Amino acid sequence: MELNLPIYLDNNATTPMDPRVLEAMLPYFVEKFGNAASRNHSFGWVAEEAVDYAREQVAKLINADAKEVIFTSGATEANNLAIKGVFEMYASKGNHIITATTEHKAVLDACKHVEKMGGQVTYLEVQPDGLIDLQQLESAITDKTILIAIMYGNNEIGVIQPVKEISAIARKHGVLFFTDATQAVGKVPVDVLADGIDLMSFSGHKMYGPKGVGVLYVRRKNPRVKVTAQMDGGGHERGMRSGTLNVTGIVGLGKACELCMNEMADEAERLSAMRDKLEKALLQIEEAYVNGNTDHRLPHTANISFKYVEGEGLMMGFNKNIALSSGSACTSASLEPSYVLKALGLGDDLAHSSLRFGLGRFTTEDQIDFTIDAITTTVLKLREMSPLWEMYKEGVDIDAIEWAHH
Ligand SMILES: *Cc1c(COP(=O)(O)O)cnc(C)c1O
């Protein structure tokens with residue numbers, strides 16, 4: 001079979017939309033264009049009905065009540081609403097939030113904002129495998145703590161945090177637990193009741209739905225949680241998020257959730273088998289290391305560093321044919337290598353030479369085979385030209401060399 005290039009292995013950045021999602025959305029652009037808040041005519045009722053149906057589809061996937069689903073423009077907005085909204089709503093109770101250094105920027109930057117508003121934030125360091133230390137978490141709780149914000153599955157390394165244990169600690173101390181589950185929902189079973197989650201964000205475009213739509217789950221009982229709206233207006237979404245609902249996007253997200261509900265188990269098995277094949281093959285390369293805990297990990301993610309290979313060269317070697325992310329500066333706006341990999345304790349060299357493989361629903365075995373060949377060839381070729389590799393092979397202890405920094 002002919003292989004279409006380039007191959008897309010960056011599903012943690014965004015997923016292609018499932019054609020079945022598009023099909024569900026299409027009628028709502030032109031024919032059924034009503035405003036879901038229009039109460040006086042059938043155009044509005046049709047839109048409202050579609051939103052209600054989608055809300056049920058979303059709720060079902062995460063074992064929530066439909067009333068607990070707040071639609072947003074994506075996970076970035078949901079993260080902001082959760083953190084700033086809890087900070088404002090529970091100001092009389094305390095001003096302290098606990099999070100971790102490997103969180104998504106939308107969580108970290110919302111926490112920075114809270115600090116500017118007089119809040120206190122503890123940023124937990126993670127262990128070398130990317131997991132937080134539960135004892136450290138519990139010790140960080142004070143009588144001013146109102147929120148623990150720890151993500152479900154990490155977008156760069158795929159590590160899944162011990163969510164049940166975290167929620168038990170939160171519950172024990174009467175602290176709310178918010179989790180950014182953008183990489184987890186639709187990929188692994190997420191159950192807000194069993195997992196003890198009070199607030200949770202996720203996003204359409206990470207689960208084969210459309211961009212520009214997401215969810216904040218806000219628990220309604222035991223305890224009843226509230227967040228202060230960050231956008232003022234018509235009082236949509238139970239007053240927590242004003243703005244005319246993105247009906248097409250919401251319909252698409254609902255359909256995406258339904259598909260994940262039905263197909264997640266098989267898909268996870270298929271993707272983890274391909275991911276493991278890829279990882280096993282690439283670890284045949286000398287001085288290749290997996291980043292992050294491999295026992296508690298999302299099924300579609302692998303992050304591997306190739307020592308003594310320069311990150312930018314690595315990307316240039318194959319990025320005409322394979323689309324994926326690297327921990328190196330060249331793929332991002334900043335010059336720093338991935339802060340997540342640095343938080344695991346990786347040096348700049350290993351962080352720069354890392355690749356993130358994000359498999360998805362449309363990844364095929366042929367694509368994985370091609371990728372294994374292409375990456376292996378590139379790494380070996382780059383090392384042939386690398387003075388560092390030569391020194392390493394001659395037995396020079398490279399880690400002991402003091403490099404001149406500029
Ligand atoms: C992609 C992502 C986000 C941001 O989601 P948007 O819907 O694009 O705003 C937040 N958190 C995690 C873990 C993500 O992977």
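Tyr-208 is buried, at a relative accessible area of 1%. Buried means under 20% relative accessible area, exposed means over 50%, and partly exposed lies in between (1.4 Å probe, protein chains only). This is a predicted model, in which local features need pLDDT of at least 70 and side-chain atom pairs count only at pLDDT 80 or more, while totals for chains, interfaces and linings use all residues. Residues are numbered from 1 along each chain as its sequence is written, and side-chain values use heavy atoms, with hydrogens and water left out.

**Backbone features**

Tyr-208 sits in the loop between strand E7 (199-203) and E8. Helices (H or I, at least four residues) and strands (E, at least two) are DSSP runs, numbered from the N terminus. Tyr-208 is not a glycine, yet its phi is positive, about 70°.

Asn-222 also has a positive phi, near 50°, and is a residue other than glycine. Asn-222 belongs to the loop between E8 and H7. Is Asn-222 buried or exposed? Asn-222 counts as exposed, because its relative accessibility is 59%.

The peptide bond from Asn-222 to Pro-223 is cis, with omega near -5°. Pro-223 lies in the loop between strand E8 (214-218) and H7. Another cis peptide bond joins Leu-5 and Pro-6, where omega is about -5°. Pro-6 is in the segment before strand E1 (7-8).

**Arg-361 and its surroundings**

Arg-361 is in the loop between strand E13 (354-358) and helix H11 (365-384). Arg-361 counts as buried because its relative accessible area is 10%. Which residues does Arg-361 contact, leaving aside its neighbours within four places in sequence? They are Asp-18, Arg-20, Tyr-208, Leu-259, Cys-260, Glu-263, Glu-267, Arg-270 and Leu-271. Contact here means heavy atoms within 4.5 Å.

Arg-361 is also part of a network of salt bridges, linked with Asp-18, Arg-20, Glu-263 and Glu-267. A salt bridge is a side-chain nitrogen of Lys or Arg within 4 Å of a carboxyl oxygen of Asp or Glu. Asp-18 is buried, with a relative accessible area of 3%. Arg-20 is partly exposed, with a relative accessible area of 33%.

**Salt bridges**

How many salt bridges are there by this rule? The count comes to 19. The table gives some of them.

| Residue pair | N to O distance |
|---|---|
| Asp-18 and Arg-20 | 2.9 Å |
| Glu-48 and Arg-39 | 3.4 Å |
| Arg-297 and Glu-279 | 2.8 Å |

The pair of Arg-297 and Glu-279 links distant parts of the chain, 18 residues apart. Arg-297 is in the loop between strand E9 (288-290) and strand E10 (301-306), and Glu-279 is in helix H7. Both Arg-297 and Glu-279 are buried.

The pair of Glu-48 and Arg-39 has another setting. Glu-48 is partly exposed, at 24% relative accessibility. Arg-39 is exposed, with a relative accessible area of 55%.

**Charged patches**

Which residues gather in a patch of positive charge on the surface? They are Lys-67, Lys-221, Arg-224, Lys-226 and Arg-238. Patches are made of residues with over 30% relative accessible area and no salt bridge; like charges are joined within 9 Å, nonpolar side chains (Val, Leu, Ile, Met, Phe, Trp, Tyr) within 5 Å. Accessible areas come from the Shrake-Rupley method with a 1.4 Å probe, and for residues only the protein chains shown count as cover. Lys and Arg count as positive, Asp and Glu as negative; His and the chain ends are not counted. A charge is placed at NZ of Lys, CZ of Arg, CG of Asp or CD of Glu.

Lys-67 lies in the loop between helix H2 (42-62) and strand E2 (69-72). Lys-67 is partly exposed, with a relative accessible area of 47%.

A patch of negative charge on the surface brings together Glu-49, Asp-52, Glu-56 and Asp-65. Glu-56 is in helix H2. Glu-56 counts as partly exposed, because its relative accessibility is 48%.

Ala-265 is in helix H7 (residues 247-282). Ala-265 counts as exposed, at 59% relative accessibility. Ala-265 and Lys-187 are 78 residues apart in sequence, but 8.1 Å apart in space, C-alpha to C-alpha.

In helix H8 (residues 311-318), the buried residues are Gly-311, Gly-313, Leu-314, Met-315 and Phe-318. What covers them? The cover includes E10, strand E11 (322-323), strand E12 (325-326), helix H10 (348-352), E13 and H11.
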